[in-house]
Amino acid sequence: MRLSSPFLLCLAAALSSAFVISSPHMWTKLILTHHWPSTFCAMEHCHPNISYWTLHGLWPDKGIDCNSSWHFNSSQIEDLLPDMEKSWPDLLNPSSSGFWKYEWHKHGTCAARAASLDSQHKYFSKALELYHKVDLDSILRKFDIIPSEKYYTFSQIEGVIENFYGVKPKIQCIHPSKNADAQILGQIEICFDPDFTLLDCEKQGDWDKLMAAEKASGFSVCDHDKPVYYPPLS
C-alpha cells in the first residue's frame with residue numbers, strides 16, 4: 001500500500017512534535033526556591049531587616065546559562081518591580097537589580113524554553129505568582145513553625161509542609177561543623193511540573209551537582225536526625 005503525501009506530512013509533523021516534547025534539553029521540573037534571610041546573611045555577612053521567607057529563584061531542573069545573548073532588561077518587568085523588591089529582594093545589595101539579572105541569565109533563559117515562560121515578564125511574573133500561591137511563610141507560622149531560640153525536629157518542619165501541600169519539599173540547612181549539636185534552617189524548595197502543578201522534590205540527584213556553584217552554596221540537605229535551629233531576626 002502506498003501512503004499518501006498528506007499522511008506522510010502529518011506523520012512527520014507528529015514525530016517532530018514528539019521529538020521537541022521529549023528533547024533531552026527540555027526541563028521537566030521547576031524548583032521554587034525560598035531562602036531564610038537571617039541564615040543567608042549569617043553566611044554572606046549582610047544585615048537583613050526582613051523576617052519572612054523570600055524568593056531565591058525559580059529554577060528548571062535542566063540547563064544553566066542557556067542563552068548568553070538574551071540580556072536582562074528591567075524595563076520589561078517594570079510593573080513587577082514593587083513586588084520584586086519585597087518578595088525577591090537582593091539581600092546583599094537591596095538597591096541593585098544584579099540578583100535578578102543573575103537569576104535570569106542562569107535560570108530564566110533555560111526556563112524560557114517553555115512557551116509559558118518565554119519572556120522575562122512571563123518568567124518573573126510566574127515566579128512571583130507561585131511564591132504567593134505557596135505562601136510558605138504563612139503556612140509555617142499557621143502551624144507554629146516560627147523563628148525561635150528553641151529547636152525543631154526535621155520531621156516537624158517537613159511534616160507541616162508535606163501535609164499541607166501534599167508533596168515532599170527539599171529542605172536545606174547550614175551545617176556549622178560535623179560535630180555540631182544542631183543545623184540551621186536556610187532554604188526550602190517546592191517543586192512544580194511543567195503545567196505548574198505541585199510535584200515531589202527529589203531529595204538528591206544530578207541537580208545538586210549542577211547547583212554546586214549557586215549563590216549560598218553553603219546550603220545542603222538537612223540531616224533528618226539532627227535538631228534544626230530556625231533563627232529569628234537578629
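Buried means under 20% relative accessible area. The legends below describe a predicted model.

**Figure 1. Disulfides in the whole structure.** A search of the whole predicted structure finds 4 disulfides. When the bonded cysteines of the protein are numbered in sequence order, they pair as 1-2, 3-4, 5-8 and 6-7.

**Figure 2. The disulfide of C66 and C110.** The sulfur atoms of C66 and C110 are 2.0 Å apart. The link is right-handed, with 100° about the S-S bond. It connects distant parts of the chain, 44 residues apart: C66 sits in the loop between β2 (54-60) and α3 (81-87), and C110 in helix α4 (residues 98-111). C110 has 0% relative accessibility and therefore counts as buried, whereas C66, at 27%, counts as partly exposed.

**Figure 3. The disulfide of C173 and C222.** C173 is joined to C222 with an S to S distance of 2.0 Å. Because the torsion about the S-S bond is about 90°, this disulfide is right-handed. Distant parts of the chain are linked here, with C173 in strand β4 (residues 170-174) and C222 in the loop between β7 (220-221) and β8 (228-229), 49 residues apart. C173 counts as buried at 0% relative accessibility, and C222 is buried with a relative accessible area of 4%.

**Figure 4. The disulfide of C191 and C201.** A disulfide joins these two cysteines, C191 and C201, S to S 2.0 Å. Its torsion about the S-S bond is about 110°, so the disulfide is right-handed. C191 belongs to strand β5 (residues 183-192) and C201 to the loop between β6 (198-199) and α8 (206-210), so the pair ties together parts 10 residues apart in sequence. Both C191 and C201 are buried.

Conventions
Residues numbered from 1 in each chain as written. Predicted model: local features only at pLDDT ≥ 70, side-chain atom pairs only at ≥ 80, totals over all residues. Heavy atoms only, no water. Disulfide = S-S within 2.5 Å. Helix = DSSP H or I, 4+ residues; strand = E, 2+ residues; numbered from the N terminus. Buried < 20%, exposed > 50% of the residue type's maximum accessible area, 1.4 Å probe, protein only.
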